[in-house]
Amino acid sequence: MRAVLTWRDKAEQCVYDLAFKPDGTQLILAAGNRLLVYDTSDGTLLQPLKGHKDTVYCVAYAKDGKRFASGSADKSVIIWTSKLEGILKYTHNDSIQCVSYNPVTHQLASCSSSDFGLWSPEQKSVSKHKSSSKITCCSWTNDGQYLALGMFSGVISIRNRNGEEKVKIERPGGSLSPLWSICWSPSREEHNDILAVADWGQKLSFYQLSGKQIGKDRSLNFDPCCLSYFTKGEYILLGGSDKQVSLFTKDGVRLGTVGEQNSWVWTCKVKPDSNYVVVGCQDGTISFYQLIFSTVHGLYKDRYAYRDSMTDVIVQHLITEQKVRIKCKELVKKIAIYKNRLAIQLPEKILIYELYSDDSLDMRYRVKEKIVRKFECNLLVVCADHIILCQEKRLQCLSFSGVKEREWQMESLIRYIKVIGGPPGREGLLVGLKNGQILKIFVDSLFAIVLLKQATAVRCLDMSASRNKLAVVDENDTCLVYDIHTKELLFQEPNANSVAWNTQCEDMLCFSGGGYLNIKASTFPVHQQKLQGFVVGYNGSRIFCLHAFSMSAVEVPQSAPMYQYLDRKMFREAYQIACLGVTDTDWRELAMEALEGLEFETAKKAFTRVQDLRYLELINSIEERKKRGETNNDLFLADVFSYQGKFHEAARLYKRSGHENLALDMYTDLRMFEYAKDFLGSGDPKETKMLITKQADWARNINEPKAAVEMYISAGEHGKAIEISGDHGWVDTLIDIARKLDKAEREPLLMCAHYFKKLDNPGYAAETYLKIGDLKSLVHLHVDTQRWDEAFALGEKHPEFKDDIYVPYAQWLAENDRFEEAQKAFHKAGRQREAVRVLEQLTHNAVVESRFNDAAYYYWMLSMQCLDIAQDPAQKDVMLGKFHHFQHLAELYHGYHAIQRYTEEPFSFHLPETLFNISRFLLHSLTKDTPLGISKVNTLFTLAKQSKALGAYKLARHAYDKLQGLQTPARFQKSIELGSLTIRSKPFQDSEELVPLCYRCSTNNPLLNNLGNVCINCRQPFVFSASSYEVLHLVEFYLEEGITDEEAVSLIDLEAPRHKRENKWQEIASNSILGAGQTLCVSAERRPGSTPGGRGLGGSCSFPDSEAGRDPGLHGRR
């Protein structure tokens, strides 16, 4: 640290106090009974201010810069504006000793010998408080909450903003050590407020706000009259009876003298936010100094040690940005660092530190040795076991114990010294002299080796990593590079203030100067970029730069030198530069250039760095081909160009190497069909067709189907064109294709027909099928589109398609509930079994769904179907059996329909006699198995109810008894139980009116017949009415031998002859019988296939008015 006098002036009287305007432009001095206002830039006296009648002892500026205050021995305080106008004046009872503005609220504290006052712009009056002793000094805390008062009695009183005392500090010296100056530290980094106290007991002390002392008192050896902090609180200024201003650390360690004066120093202050200091003395001298703090530091590779706060050393790892602070508590004069060693020179000793471990990232240092001696030197260097002191022209080598081992005397002043490494105890030193001589000295040798001598003085030196080249910066700011062995000047560059070789690359160095960083590789031109400061190291891609007082590691991409090597096709050297640190783009460029230069090893390393697997695979394939004996570099380079997207260059190389097919494949794979056509010229038509097909494939893939269809058609790929058109529903395109195709091209025409059909254009599909003569597909088309008329017409012309038409037609009719038509269709198709199966399923469904009337109808239809099938002699017996079975089921379900409605519905449409007859018919018919859906309970229940109602009490009792043995629904149980009880009160006989008569043998049959629905006497089956189920007046007859069915029919159709001679009784009998509506039956032998009530010949015969002829359930449709 050194102080440079900027300006000086002399007032006529003693300068007791001074204050800076917060912006630093004005300086206010209290000199005699006046205030002097100076311009701080050049020391010009701007204006004297007169307002006090006696000596002015104190002055203070408000933090906002709007006003300042002065206090005088005339007991008054004057408030002045920044425009130097007095605006307010108030008085105390004694002379004013000190004034101070609150830094936050701008409240003014004014202190006199007996009291102190607090004034603020918002108040009209001054709040005054008595003091037990003379107040000599005062200071506000940073936050403006507390005011410290220093007393002549040695007491410190800490008050709040209202003037109330909060803390009282009584110093050991008491009144023998009056306080003369106190000041709170302005540092924002401290967690606690720290008060610096200087007394005339010649002590400097520090206290916390709580009153607790920090550390011990520090002896001053003079009476302090003034104390002030730097703006950030890092240093303290003290002046007094020793006639000088001393600089102290914030902890009270003396660092040096600012300026010596001729009389006592009464006041000294620091210009805000600067290193300028003003001093006011007893004799009226005003001195303005600039403090210059020199940089004390040392650097070795990535470790940088520098001085901080004058007494601390900070070691910074430039790569990891780790820092460690070493507190020396004394002024640090010199620093040297080398590998794991650190040397610090203090005023009275040198400390040597070492790292705890050999870890390159370890930042923990410990003291290894102490050399307790005072040394004077210009430069300090540390080695593994020695320290080197530079004293003008002399170098001294000392061991860590302080013993001088060696000494070298130089011809000229030593300007630069640097350790360049070596074994422990045998390190080499590079020394530059003012006379231009450059030496190499080994610490274990007495002899200095002259490397070279130049005409200009040395300013900076550095040696390359291999010790083959030497870079020198001379006093003319020129960087000169020499070959150490030949002493030849390799090149020189202007505008340099420092230089450094890259520790990882032999041919690369950097130098700084003129605000630029210059990077030079080999003999290539210099690459420049802006950079402030001095270059002190260059490691890989990091350049260590010292700017002002800070060291920083600047990451510099090595792109420029790498490209310089690439321009000369020096791929290996470019790769070495890239390894120091370049961007990914630079790596890729290096890889591409090396690949184009067929330097595959370098290219592989570069592509590995950028993780480009695609190019790595290319290189591997080329290397494999080379191993197999391929040597055509044009072919290799063509592959490289194709990968890089340089397709035309690749095509030319493919052609030159005789591999035109590879060029063609490349263009087609890239969909560059026009280029491929140009490449082919007027070549093979097959290849042209193949190109068009590939182009169409590509158009299809990129969703341009129209273009793809056109190209497929031009290439003759009709199938793909039809497929695309059909998928997109382009009927017009399909029509054009189908009509242009020859009928021999069956496959594409069938595809067209398929898509016409799919797109609901059956007319075009039919046209296409006709074109190729595919009648079967045409039939299927008509059937699938349900165009039955066209299908039938086609079937008439081509009977072989009869099954293909009528079977689907019948199925369609059945699906649409048109069963009679479906049966006819099945019949026409000759599919009798299908017809029967459909009806059986419908019948079953009707039964399951309790639609018994429908079931009866379907069973009747089934019987008729079976009768038709029975025409086939092979199936006659089976079908006739089924015919009788289905007829029987039709009768049962037809009758049960009424029973089911009677039991399930609240109202019945049938007369009691009808229900009675139906239930008797069913009961006699259900002697064996009961068909599905028919309930015996419902039948017996109906019979019991109707028998009781009609007077057939015996039959009713029998029905109730039967019901008792069956499981009945809950809804019937009460009625059945009641009926069973009440029937017992009735006669045990049936009404004779209900007894059926056999019209063959005139026998009365019981209501309950064990034989079923036949006469108990003649076994003649009863024929029932399908509506009332009464026994009809019908008798079955059999034809005699020799009479055919046709003759029988003709005989029945003849009118009975009437002879006049016949007796009258016969006519009357005939008329009476006919009038009664009865039928005369002639008995004959029963023929096979006859049925009761049937219409077939060989069965019973009835007259036209017979009820049997009107029976819809048995002999006709409903």
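Arg 851 is partly exposed, with a relative accessible area of 29%, where partly exposed denotes the range between buried (under 20% relative accessible area) and exposed (over 50%), computed with a 1.4 Å probe on protein chains only. The side chain of Arg 851 meets that of Glu 849 in a salt bridge with an N to O distance of 2.8 Å, a salt bridge being a side-chain nitrogen of Lys or Arg within 4 Å of a carboxyl oxygen of Asp or Glu. The model is predicted, and local features therefore need pLDDT of at least 70 and side-chain atom pairs count only at pLDDT 80 or more, while totals for chains, interfaces and linings use all residues. Residues are numbered from 1 along each chain as its sequence is written, and side-chain values use heavy atoms, with hydrogens and water left out.

A search of the whole structure finds 32 salt bridges. One of these joins Glu 354 and Arg 341, with 3.4 Å from N to O. Because Glu 354 lies in strand 35 (residues 350-355) and Arg 341 in strand 34 (residues 341-345), this pair ties together parts that are 13 residues apart in sequence; strands (E, at least two residues) and helices (H or I, at least four) are DSSP runs numbered from the N terminus. In the salt bridge between Glu 165 and Arg 159, the closest N and O atoms are 3.9 Å apart; here Glu 165 is partly exposed at a relative accessible area of 40%, whereas Arg 159 counts as buried at 12%.

Rings of Phe, Tyr and Trp (its six-membered ring) pair if their centres lie within 6.5 Å, and planes under 30 degrees apart count as stacked, over 60 as edge-to-face and the rest as tilted. The pair formed by Phe 921 and Tyr 1029 is tilted, because the ring centres are 5.2 Å apart and the planes stand at 50°. Phe 921 lies in helix 23 (residues 912-925) and Tyr 1029 in the loop between helix 26 (970-982) and helix 27 (1045-1053), so the pair ties together parts that are 108 residues apart in sequence. Both of these residues, Phe 921 and Tyr 1029, are buried. Elsewhere, Tyr 16, Tyr 57, Phe 152, Trp 180, Trp 200, Trp 264 and Trp 266 form one aromatic cluster.
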